[in-house]
Every structure is written in C-alpha cells, then in structure tokens.
Amino acid sequence: MAAAADDSSAATIEPSSFDVVVCGTGLPESILAAACAAAGKTVLHVDPNPFYGSHFSSSVPPHALPSFLLSSASPPSTHSSDAGVVPLQRRSSLYSDIETLGTVPSEGCFAVDLVGPRLLYCAGEAVDLLHRSGGSHHVEFKSVDLLYWDHGDLFPVPASREDIFNTKLSEDAKVGLVEKTRLSAFVRLVKSHTAAQEMEEGKASIPEEDLDLPFLEFLKKQKLTPKMIGVVLYAIAMSDYDQEDAAADSCKTLLTTRDGMKTLALHFKSIGRFANAKGAFIYPMHGHGELPQAFCRFAAVKGALYVLRMPVTALLMDKEKQRYLGTRLATGQDILCQQLILDPSYKIPSFDLPSGSSDPKSPRKVARGICITKKSVKQNSSNVLVVFPPKSLQEQQVATLRVLQLSSNVAICPPGMFMAYLSIPCVDAYMGKLCINKAIEVLFGSQTSDGSEGHSEKTREDNDDAKQGLIWKFVYVQEITQAKPGPILSCPMPDEYLDYRNILESTEKLFAEIYPSEEFLPRNSAPQHEYDDSDSAE
C-alpha cells in the first residue's frame, strides 16, 4: 500500500512523473483517482487541506466554517522566467451571503457535512460503487425516515402497503380508504412497470404516450388526491421544482412520467434491501466525508500516492503547441503527467477550456443551512428527512426545500443534540435564504435557546415543543459548477439534489473522456475477500 505524506515539507516525491495528478479529495476526484488506479494508471493524489473531502468534507469544525468557505487565497505565487509556467488561481465566488447566529457548544465534537442535506438510496449507484471498490467495509450506515410537511404538520411518508393503510395526512385530515386503495394500486403499477422493463422482452405496463406526459398529468389520471400527488411528486419522486405552475421559470424542466418512474423505481427497490433499514435512505456514520476517504483507501491499495497540505501552484505548458505537460507543487517540485484533475475551487486558464463550454446564463445556486438544536423536529424521531413542497413555506417558494435531521447515533454530534441540514435550489440568494430561515423558524424557532441576539417572531402553538430548540445556525449560498473535461479537468461542486446520482453520472463520463477504452471501476477491482453484498446497512 502506498504511503501518504502529511505536509508540503515532505521530501521530494518520487517518481516525478505520473499518468494522472489529482488535486482535491472531494468525492468526484476520489472516485476518479480510484478508477484510474484500478485501470493500472500511476496516480499522485494531493490536497491543499490537512484533511480529506474538500468540498465534500465533514472535517471542518462549525466555528471554522466561515473562514473555510470564504478562503479565496491563491496558492503561493510561482516566480519563473520560464514562459511555460502558468500560475493557478483559486475561485472566490463559490460561497457567499454567509450569516450565522448563536454559539457553537464547547462540549463534544461535531462532524459538519458541506454537502447536506444528502442521503444514499439503499439500491443506488453510490452503494454499488462502494461495494465494487470494497469501500462498504470502511463505511457504516444508519437508516433515515421520511417525513412530509403538510399544512403545519409532519407525517411519515408510507414505505409499504401496511404504511399506506395506516398513514394520515395531518392530525385533522385522515386519508380515506378509497384514497389509500388508489395509492396502493399506483404503487403496484410502478412495481409492475419496473419489473416489466427489467425483463428482456417485457412489455411495459405504462404506454409510451403516458411516459412522455408531465408526471403531474399522469398522476391526476390515476385519480390520486391532490395531497397524495404532492407526496408522490416531492417526497418520493423528489421533484425539485413546482410542478403545478408550468409557466414558472423554474419549471422549464417539468418532470416527465418517464423520469418520475425511474426515481420511484429506485425508491421502491431501495425499501427492504437491507434488513435494518426500513425505508429507502441511509446516511453514513461520521458524515459524508467518509465516502471520499473510502475511495482514497481503495486507490492507495492500488498504488496511488497521497500527500495532504500540498497545493498545486502552476501548470507546465508547451505554449507553442498549446499542450499540457505537467504541474508544479507548492514545494516547487515539477511533476510531469498526462492528465491533471482539479477540484472546482481552481480556475482553469481560459485557453484550456473546451470551446463552447462556458454558460452565458447565471450559474445555478443552492441556499444551504446548518443548525445545531437540542430538540427533534418530531417527538421520538432521530434521523429524519423532512420535505417541504413548493409554496408550503411561502407563496414565492418555487422549489422543494429539504431538511435532514441527524442525531448522535450517527456520531456527528454529542448526545442530547441534533444536527439539521437544509437546502433549496435558488436563482436569487435573498429568496433562497428567506426560505431557509423560514423553515428554521417553523421547525426550531427563530431565536437561539441561549437568548443570543436575533429576531424572535411569532411561532405556531401546535409546534411549541420543537421550538426554541435552536442553539446555532449557519446559512449561506453555494454556486453549483459543472464538470469540465480536457487534459486539465475540473470536477463538479456538490449539487442541489438529495443523492449523488448526477455527480456519479458526470464523474463516470469524465473517466470515459480520459480513458475511453477502460472500464469504470470494474466489479472485480476490489480485493476478493472484500466484496460482500450484505443485507445490513451497517
């Protein structure tokens, strides 16, 4: 196994030539390093931070979040008379509009996700990749329940036929037998359609013309009630935008029945996959920063060399031929390589960008919130995902807002406290933060429990028990950058979605761009004794 150095004062790296140099240990970079190492390539993997994970980390303490997110210091300047040395700069606009309230408790340790709220489907590609790389033996998981916000109340999203016939939409509006029967029939239709599609010559249960319909229209054809349609759209199909308002800008990509069915199929396949996970979702113990580390371990076993506290400071270019030759490290050492993979905090010089890759529109953004609380959002609940559908918090809310509450049993906070992560995609930072703060007020109250300054607003009496439990909050806006292929490749930032499907898809495409003839993390790449498709989520 290759050794890992800890800082930039380490001895000269040998050899000084690699097939691939990766800078940043975020999830996409770590998966690419693992895939390249599995394909037999020589890999040098460095990170300017003293920890693994980069923008996918769980290692930044809460009190250090502002300085980490706003750190725009460029790597040390490279002074050279060589015209082929091009200094690299860091982006300064990835995070903005930071606000904080309250004081982080001094007792206990906190593992703060930078990607939250984020979960894995039990039957998703992320779990499959962990199995294929042997990473599942280094990461344990806990099950997460699913709650839906409806008219001021939280109720569990049904995960089985029994749940359907026992559920209710609110304290004062129970679901009738007819509605439950229709929902049960719809679930059977989804499972039948999925099973038919998985058969080689199976006939789909849903006609092609229906699959091309907006999913909302198809659900109405199934005679589901408006409330049940909302549950399916936003809590199971995980639609990000208001599907009712077809004229809204945010609905330029209305969810089709075809795409909705894919997510529903994944959801129902995930239920019951692991014996100790009742629902569809699981969360990694100690936070999402464990996932990049699992792939880094795999890459190291395959021979990759790891060095932390080591920024890349410059590119080595043959400017006449417009060809990339290698990279310069913070120690001043030049490393030759055929391929450089950078985390998204680095700016790639414009002459290296693929033509036509720039987006003339404003970059996508996501407003995020992190809270430390002393009370659960719902009595007797520990690890839960809460879904606020569009317009449920205020009329201007055009996107789904999600809240992930986690307890100490996933080892991310001290006993007696909870961590809560919130996110909503947004174009306007003000509106995104407004929705985040409204959700915090609704669930936890708008004033910290120690009486620190803040605007205490009127709260609803029916949720008083969960209110005034807020200890600390941190709200900010993150820019979403896309992957950019090329000899100098840029990986994506964490996106606005609940799971890693889009990030994994773009990562696999990047690998195919680099090595089109190589298989992406083949199933036989893990050590033979480590592959185990266990029936346990832990």
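User: Hi! Quick one to start: where is the place of Q394?

Analyst: Hello! In this predicted model, Q394 sits in the loop between β17 (384–388) and β18 (401–407).

User: Does that residue count as buried or exposed?

Analyst: Q394 counts as buried, because its relative accessibility is 17% and the cut-off for buried is under 20%.

User: And which residues does Q394 touch, leaving out those up to four places away in sequence?

Analyst: Q394 touches M431, L434 and C435. C435 is one of the buried residues of helix α11.

User: Nice, let's go to α11 then. How many residues does it have, and what is its reach?

Analyst: Helix α11 covers residues 429–444, which makes 16 residues. From first C-alpha to last it reaches 22 Å, close to the 22 Å expected at 1.5 Å a residue.

User: Why is α11 said to be largely enclosed by the rest of the structure?

Analyst: Twelve of its 16 residues are buried, so the rest of the structure largely encloses α11. Among the buried ones are A429, G432, K433, N437 and F444.

User: What happens at the two ends of that helix?

Analyst: At the start of α11, a side-chain oxygen of D428 comes to within 3.2 Å of the backbone nitrogen of Y430. Just after the helix, G445 has a positive phi of about 90°.

User: I'm curious about A439. Where is its place, and what does it touch?

Analyst: A439 is in helix α11, and it is buried, with a relative accessible area of 0%. Not counting residues up to four places away in sequence, A439 touches F388, L393, L401 and L422. As for S423, it is 16 residues from A439 in sequence and 10.0 Å from it in space, C-alpha to C-alpha.

User: Switching topic: which residues touch the most other members in the largest nonpolar core?

Analyst: That core has 69 residues, and the ones touching the most other members are F186, F215, L264, F281, I370, L385 and M419. Helix α8 (residues 226–236) gives the most to this core, with eight residues. Apart from it lies another core, of 46 residues, among them A35, V139, F298 and L489.

User: What does F281 touch?

Analyst: Leaving out residues up to four places away in sequence, the contacts of F281 include L119, Y121, K142, V144, M238, H267 and L498.

User: Zooming out, how many helices and strands are in the chain?

Analyst: The chain has twelve helices and 21 strands. Of its 538 residues, 57% count as buried. Among contacts between residues at least 6 apart in sequence, 73% join residues at least 24 apart. The accessible surface comes to about 23,000 Å², with 49% of that belonging to carbon and sulfur atoms.

User: Before I set anything up, what is the mean pLDDT of the chain?

Analyst: The mean is 85, and 81% of the residues reach 70 or more. Over residues 450–463, though, the pLDDT is below 50, and this stretch has 23 contacts in the model beyond near neighbours in sequence. Residues 529–535 also stay under 50, and the model has 17 contacts for them beyond four places in sequence.

Key: Residues numbered from 1 in each chain as written. Predicted model: local features only at pLDDT ≥ 70, side-chain atom pairs only at ≥ 80, totals over all residues. Heavy atoms only, no water. Helix = DSSP H or I, 4+ residues; strand = E, 2+ residues; numbered from the N terminus. Expected span 1.5 Å × (residues − 1). Buried < 20%, exposed > 50% of the residue type's maximum accessible area, 1.4 Å probe, protein only. Polar contact = N/O pair within 3.5 Å; in protein donor to acceptor, adjacent residues only side chain to side chain. pLDDT = per-residue confidence, 0-100. Contact = heavy atoms within 4.5 Å. Areas by Shrake-Rupley, 256 points an atom, 1.4 Å probe, with all protein chains shown as cover. Core = buried A, V, L, I, M, F, W, Y, C linked by side-chain atoms within 4.5 Å.
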